[in-house]
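Please open the structure in a viewer and keep the sequence at hand.

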Amino acid sequence: MNPSGAHGVLEQNGEEHISTPIHGPSIHSDNPQERIQARRLRIAARLEARRREALGEYLDGKKESEEDQSKSYKQKEESRLKLTKLLLCGTELVTNIQVATDIREIHRRVEEEEIKRQRHEKLENEVKTSQDKFDEITMKWEEGKQKRIPQDLWEMLNTQQQHCAGLIEDKNKLISELQQELKIKDDQYVKDLKKQSDDICLLLERMEEQVKNVMKNFRQELYHIEKAFEAERQELMTSNKKKWERALQAHNAKELEYLLNRMKKVDDYEKQLNKQRIWDCEEYNTIKIKLERDVQILEQQLQQMKATYQLNQEKLEYNFQVLKKRDEESTVIKSQQKRKLNRLHDILNNLRSKYIKQIKQFHEENQALTSDYKRLITQFKELQKAMRHFALIDEEQFREIWLMNEEEAKSLIRRAFDVDQVISIQHLGLTWTMPDFWFLKNVGPIFQQQKKSATQILEEVLLQTEEEGAEAATPDTESYLDLPKQISAKTTKKILMLLCDESGFLIESKLLSLLLPLEKSECYLLRLDAIFSVSPTRQEMTWGEKWSMSSQHCLKEQETLEGGQEGRIVGREPEEKEAPLSPRLIHPNDVLKVLEAFVMGLKKPKDFHPPPRIQKYGRDNSKDSEYWEALTTVIPLAKLNLWDALYKALEKYHLVLTQRIKQLMENDTLEQQNTELQSLLQQYLQSKVNSELQVPPTQGFWLPAK
Amino acid sequence: MQEPPTAPTTSQSSVSQGHLTTPGQGSNTGLQYPKSPPAPGQASTKTKVPPVRRMRRIIAEDAEWSLAIVPLLTELCIQHIVKNFQNNPILNQLLPEHQQKVLSHLSPDLPLTVTANLIDDESYWRRCCAQRWPVCHVTRYGGSWKRMFFERHLENLLKLFIPGTTDPSVILSLVPLCKRYVRRIQVDQFLPPVQLPTTSQPGDQSDSGSEGEGDGPTQDHYQLGDLVAGLSHLEELDLAYGVKDCGMNFEWNLFLFTFRDCQSLAATIKACHTLKIFRLTRSKVGDEKARILIRSLLDHPALEELDLSNNFIGDRGARGAAKLLSHSRLRILNLANNQVRAPGAQALAHALEHNTCLVSLNLRLNCIEDEGGQALAHALQTNKCLTTLHLGGNELSEPTATLLSQVLSVNTTLTSINLSCNHIGLDGGKQLLEGISDNKTLLEFDLRLSDVAQESEYLINQALHANREAARQRVLNPGHFVSFINAKGPQNSVR
């Protein structure tokens, strides 16, 4: 049997399991057999554990439930088992009848078969014998036919009859037998019927009994179960009651304890209360006394206060009166003010209307003035134009006058030189050389060209570019910077701005912060100023170099930015540079030129070009007098002295000569005196202008020439 | 409706029939009530009150007058409806509470033509049933009183039908009324036609049973074909061709299932596609008839149970049944108390080997003997479906028991085996005990009166008890059944 075997193994396992901790074979033992044994045990233990795990839940659950509701559960199980048994037994009892009838039926069938078989045999035998007999009889009939003797025939017939009778009797006997059997069967049938009805009755009885029994049992079991439950409940109740009582007792004891404690505490508190009361009484008395005293003081104070109160009242009444009066006054004033207010409102309205009117008026006036202003501006412009025109004309005139004067002076000088030459050569016998003076070469008015600082230039440039948009008409091409033609002012400006941005390192951070709020152009200006002022000792040239370097550097950057575009631009005509194609671009070649021009422009002497903006700066006429002075001193003093000495000598000579002439000519003179006097008179009358001449420059020359 | 055919109108007044069939609908009938001179006796007493009074709600001069006495109009209407229900059945138009009232007052004697398809209320049909039959076991009819009423009504009609004398329309007229409710026809008696001139001599009586088939149409019973064709919900046919309570008038002729009966029945069950259970018992069905019937049942779409117990079916019939097993979805086969012998049992066993539908097989009181028993046992080794097997009273002995014990240790579907009234013998009992000790599913094993030693029978019962407990536990908590078997097994074996 398998389960028992398993159980045996189980038991064994269990035993081993128990025995292992005590003296189990160790895996580490030296004996190999023991080791094998130990491993086997371990495997078995593991299997066991796994199996128990599987079982565990169920068994545990069952155990728990058994413990939980042991009594009722047991009772239920018991009654269930009992009832199932009862039902089984009952059904068995009931079905027993069926089974019994079944087996009876089988037996009956078997018997019936047997009897049938026997009957068949019997009948067959009978048929056989009767056939034999019948054959015999029929044989005998043949024999009888041959019989001739009546006696024999009679005898034979008799025997034949006897035989037939025997046969019939046999048959009858068989029939009666069969009928007997049938009767018996009928009886049997009736009996069977009875038996079956009995069986049915028994079945019914048993069924009823079974039902009753089962009912009874079920009731009983129910009763038992109920009782069990009741008992369990009772038990539970008693246990709970006990617990309850115990708890109650404990509670009571605790209550008592609490009560005692409380009483003790009450006593304590009472004592304390008494003490407190006495203390309070004393304190109360002291306080009362103190308070009474206080009350007295306060009463006094009250009196005082009352007095002051009355005083105050009077005062206040007086004040009240005063205030009333004031109030009245104020009401009056108020009304007045109100009236005034109204009046002022009226005035205000009037003023407002006036104001509006005036606004209108002023507006009109403003319009008129603006128109005037415009007109004046136009006039001013015209005036300016005229002024410029006049300036130019003046300049021209000045120039012409200058030139004229110069011409005159120069001619005079030339004459003087000629004279000098004549004198020195003819009179003195000396070789004469043409004195060389700078002013002799000068033609036209002298221009004082100041050297401007870089910043000024820059400012100019910047302003120029700024103005460019506005007054494009002004011809700026002749900038004294004399930039190369292809470099526009714009590019210059760009370069400067670039420089400004790039060389920001030269500017102090403070300055930068100060520059921030300024305008753009101003900002640039100041920046550049700062940059240039960093190293004032340096020459502009170096500046320029540096500048060019830095700008080159910048341009390199730009080159990198612009990329291949550059190459194309190089080939362009300078005019196109200004085209909007690349306004931002500054060609590297241009840059150098610009810078060079810039620097060179600064250094170049201003010989050739007349000042383009004379009107702006005015003319420096400090050198004019010098110039003219110089012109006067073209004949040096020594020469003059020589001349003077010569003159004196010549005069003396002349004197001699004249005296000689005089005498020679005294006759002639006297002859001609009359005519001469007449002509002289007339000459004097006519030449008043000569007298008016302040400086007769020709006097000197005139006399000798005369 | 107005003309009930030949219904036995009991006490309904024909007077009211005249004027109420005209327009009377719902409440109108109630309003007409006071004006018309009513015929029913009970109402006439009330209407003697002068009509003027009826119009008044308060009658000061009458001290006994109170409004409560006056029945409500709805009450009156309901009474009237109840009274004239036969002629003018009004039910579905009423409110539910009024319906209830009407139904509770309707007489159970109303003709079925009126009530059959109109009333579904169970309480009404309960009253009808209670009135006609003293014992009513409603659970056998699916808890439906209406179904019970119609089935029993039909049964009564069929029981008392005498071919040739009773009009067949009596039954056929019922078909449209009851076809929705009848699910089972259970008739244990079919009366033969009455033979006015008793041609059969007393001498012939004994052997007329054997010649009965030759008697022709005169012995035919009622042909169920038309009836069954009309019943659309029929699921069960339980028939027994015989006569009950014949007493001393017994004749073999009375218990005669003729060929024509058989053929018509076969055609009937073949045509009835809803049939699930077919029982034909105690009808002397021989091999030929059984084969006719079974042939008609081959490939039947719904048949689940076939009961041919208490007949004369031999091996050929059993072979036919075996064929049916493989050609249908039969779940229960009952051939108890027939004449099946070893060859028939072998045929059944062969069919059983590969069958996956049959749950129960009953071969009680046959004579299959060891040969058949062994064949069946062999078949059970491969079969995985059969749960109940009854082989009581089959002359089985030890060899079958040996084989069966092997089957028991292998099979896990069988729950009930009956081997009572056989000659199993002591050794056979021991072998069976061995087999059953390996089995965990068998719940019933009947070995009464089969010469088994008491000890082994007792031990077998113990094992069965253990199995039953296990099965119970399995039902209660399906998760632990394995462990339970493990836990219980050893204990039982120790006992």
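Begin by selecting chain A, in which 18% of the 706 residues count as buried; buried means under 20% relative accessible area, exposed over 50%, and partly exposed in between, with a 1.4 Å probe and protein chains only. This is a predicted model, in which local features need pLDDT of at least 70 and side-chain atom pairs count only at pLDDT 80 or more, while totals for chains, interfaces and linings use all residues; side-chain values use heavy atoms, with hydrogens and water left out. Residues are numbered from 1 along each chain as its sequence is written, and chains are lettered from A and ligands numbered from 1 in the order in which they are written.

**Chain A as a whole**

Colour chain A by secondary structure: 18 helices and zero strands are present. Helices (H or I, at least four residues) and strands (E, at least two) are DSSP runs, numbered from the N terminus. Display the surface of chain A next; its accessible area is about 55700 Å², and carbon and sulfur atoms contribute 57% of it. Such areas come from the Shrake-Rupley method with a 1.4 Å probe, and for residues only the protein chains shown count as cover. Of the contacts in chain A between residues at least 6 apart in sequence, 75% connect residues at least 24 apart, where contact means heavy atoms within 4.5 Å.

Select A:Arg39, A:Arg42, A:Arg46 and A:Arg50, which form a patch of positive charge on the surface. Patches are made of residues with over 30% relative accessible area and no salt bridge, like charges being joined within 9 Å and nonpolar side chains (Val, Leu, Ile, Met, Phe, Trp, Tyr) within 5 Å. Lys and Arg count as positive and Asp and Glu as negative, while His and the chain ends are not counted. The place of a charge is taken as NZ of Lys, CZ of Arg, CG of Asp or CD of Glu. Within this group, A:Arg50 belongs to helix H2 (residues 32-68) of chain A, and A:Arg50 is exposed, at a relative accessible area of 55%.

Move on to A:Trp141, A:Leu153 and A:Leu157, which make a nonpolar surface patch of about 250 Å². A:Trp141 is found in helix H3 (residues 70-146) of chain A and is partly exposed, its relative accessible area being 40%.

**Salt bridges in chain A**

Which side chain meets that of A:Glu221 in a salt bridge? Select A:Lys82: the two side chains meet at 3.2 Å, N to O. The pair links distant parts of the chain, with A:Glu221 in helix H4 (residues 150-427) of chain A and A:Lys82 in helix H3 of chain A, 139 residues apart. A salt bridge is a side-chain nitrogen of Lys or Arg within 4 Å of a carboxyl oxygen of Asp or Glu. A:Glu221 is buried at 3% relative accessibility, whereas A:Lys82 is partly exposed at 48%.

Now select A:Asp170 and A:Lys133, whose side chains form a salt bridge (2.5 Å, N to O). This pair also links distant parts of the chain: A:Asp170 is in helix H4 of chain A and A:Lys133 in helix H3 of chain A, 37 residues apart. A:Asp170 is partly exposed at 25% relative accessibility, and A:Lys133 is partly exposed at 34%.

**Chain B**

Turn to chain B, which has 22 helices and nine strands. Of its 495 residues, 48% count as buried. The accessible surface of chain B is about 24200 Å², with 55% belonging to carbon and sulfur atoms.

Select B:Glu236 and B:Arg279, whose side chains meet in a salt bridge (2.5 Å, N to O). B:Glu236 lies in strand S2 (residues 236-239) of chain B and B:Arg279 in strand S3 (residues 277-280) of chain B, so the pair ties together parts 43 residues apart in sequence. B:Glu236 is buried at 10% relative accessibility, and B:Arg279 is buried at 19%.

Finally, select B:Gln189, in the loop between strand S1 (184-187) and helix H12 (205-211) of chain B. Is B:Gln189 buried or exposed? At 10% relative accessibility, B:Gln189 counts as buried. Leaving aside residues up to four places away in sequence, B:Gln189 touches B:Leu158, B:Lys159, B:Ala240, B:Gly242, B:Val243 and B:Lys244.
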